[in-house]
Amino acid sequence: MGADCIINNLHFHVMQVDKLFGEGVEQFPIEQADKQLFFKTSLKHKAEGEIDMFNCGVRFGELVGWPLRTLLLSPHIEDDNTELEDAQEALAHAAGVVLNHLIEANIPHNILVADEGMTLYIIPRKFDMLIENVQFFTSFESLCGFVKFKNEQAYQTMDWAQVSEALSSQVSMGAEEFNLLKSTIVNKFMSEYQGEWIGGPSAEAA
């Protein structure tokens, strides 16, 4: 299941989560983690005369308390008049900017598309070949909380605390690198669009 998702290529998996976890459970554990907003942009151009292509903004957040440092992208819907298509187009554009940067910077990552396509969890991570002595597969479902163990003994003996520690120390992007990634992404958007840091290095609206 999941083809292990550790090879450096692009492929998608569509999963019926209620059948994966059992009746009544429709989310990966990662979706239940606490979230913290750090940036939002209206996707309105700073330069006068530029034509604005999007009618919806985008919010950027991160997870709090999850073992892997994770980016969170979702539409910034300010009123009930926002069309679903506008929100999806804005999110797709923002995601493209972020993912193109990760690819150009040679940063491996996994993505979870949730909330019927309205929320993206982007997990920058270490290359799998650099991960040692981990008793579970570091594919996307393990990173999202549905852990696939490599053998029966690991399944029987490991608990979530041990898995969480291994994800944090062996798989997750480091804190300094993650903060640099956030700053780089924000600067990319701020160089072209109106936006605002939320509790970050600069809370000045532009």
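1. A quick word on terms: buried means under 20% relative accessible area, exposed over 50%, and partly exposed in between, with a 1.4 Å probe and protein chains only. Cys-144 is buried, with a relative accessible area of 1%. Cys-56 counts as buried too, at 3%.

2. Keep in mind that this is a predicted model, where local features need pLDDT of at least 70, side-chain atom pairs count only at pLDDT 80 or more, and totals for chains, interfaces and linings use all residues. Residues are numbered from 1 along each chain as its sequence is written, and side-chain values use heavy atoms, leaving out hydrogens and water.

3. On disulfides (a pair of cysteine sulfur atoms within 2.5 Å), the count is 0.

4. Salt bridges, meaning a side-chain nitrogen of Lys or Arg within 4 Å of a carboxyl oxygen of Asp or Glu, number 2 in the whole structure. One of them joins Glu-62 and Lys-182 at 2.7 Å, N to O. That pair links distant parts of the chain, 120 residues apart: Glu-62 sits in strand S2 (residues 57-64) and Lys-182 in helix H6 (residues 175-190). Helices (H or I, at least four residues) and strands (E, at least two) are DSSP runs, numbered from the N terminus. Both Glu-62 and Lys-182 are buried.

5. Glu-141 and Lys-148 also meet in a salt bridge, at 3.4 Å, N to O. Glu-141 is buried at 0% relative accessible area, and Lys-148 is buried at 14%.

6. In helix H5 (residues 160-171), the buried residues are Val-163, Ser-164, Ala-166, Leu-167 and Val-171. Looking down the H5 axis, they fall within an arc of 165 degrees, so they line one face of the helix; the arc is taken from the directions from the helix axis to the C-beta atoms. What covers them includes helix H3 (140-143), with contact meaning heavy atoms within 4.5 Å.
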